[in-house]
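Morning, everyone. I have one structure to walk through today. Let me put it on the screen.

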Amino acid sequence: MAGNKTALVISAHAADFVWRAGGAIAKHQTLGYDVTVVCLSYGERGESAKLWKESGMTLEKVKAARRIEAENAAVALGVHDIQFMDLGDYPLILERDDKYKLVDIIREVQPSFMMSHSQYDQYNTDHMYTTSIALEARMIAQAWGHNPGEKVLGAPQLYLFEPHQTEQMGWKPDTFLDITDVWDKKRAAIECMEGQEHLWDYYTNVAENRGNHFRRNSGGQSGGRPARYAEGFQSVFPRTVDEL
């Protein structure tokens, strides 16, 4: 990966990265980033109701369908690498070796920034569990005493992408990203997720609403950028900057 900046998205289920960070992925791919996506599970039990309604469906068939959807979405967004850890869902559980595998991925990618879910989600505990794991793995990846001799991780920002019901989760965005120029890629990726068609228009509406927030916060009617679509994120760690 030498030469390109990198980013890492840690997704609880195979579709989460599409709804919540697809624009950021596509945007940074156009900026020369190699974006890696790690799906901890396929979301085969809890997020595949449409597939389970088909006759003769099995767990392995659902997982296979979800993988194909996610791989197609990754292509649409320009993902550099997508990895599936296949750890199951509802509940999602990582053992020590699973955590170490995620640490290995983080050290290999050396991301400039990371993304994962909100820190609280009472509707889907897999989501907030994933972020707790992301924080733990980030910490371990920074430790010089973990597998000495490997290149340790620096201090990448962890951005929390938008949950499904923001007002219930205590998620408060402090960063808005204009994704207007890559919206067609995100919408194409959204439409790859055929098992959750009921969310297509919902997340289009979210992007439009965040586009409004981008316009207002970039200057509003006094010179704000005319962003039509945007994504919102909440940063976990303080940011160090030379100018605002």
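Predicted model: local features only at pLDDT ≥ 70, side-chain atom pairs only at ≥ 80, totals over all residues.

Residues are numbered from 1 along each chain as its sequence is written, and side-chain values use heavy atoms, with hydrogens and water left out.

Start with strand 5, residues 157-161. Helices (H or I, at least four residues) and strands (E, at least two) are DSSP runs, numbered from the N terminus. Five of the five residues in strand 5 are buried; buried means under 20% relative accessible area, exposed over 50%, with a 1.4 Å probe and protein chains only. Gln157, Tyr159 and Phe161 point one way, Leu158 and Leu160 the other.

What joins strand 4 to strand 5? Four bridges, and the two run parallel. Two strands pair if DSSP finds at least two bridges between them. Phe113 stands opposite Gln157. On the other pairing, strand 5 and strand 7 (residues 230-235) run antiparallel, with three bridges. There, Phe161 stands opposite Phe233.

Now helix 3, residues 59-77. Its buried residues are Val62, Lys63, Arg66, Glu69, Ala70, Ala73, Ala74 and Leu77. They sit on the same side of helix 3, because they cover an arc of only 135 degrees around the axis, taken from the directions from the helix axis to the C-beta atoms. The face turned away from that side carries exposed Glu60 and Val75. After helix 3 comes Gly78, with a positive phi near 80 degrees.

Note on methods:
Expected span 1.5 Å × (residues − 1).
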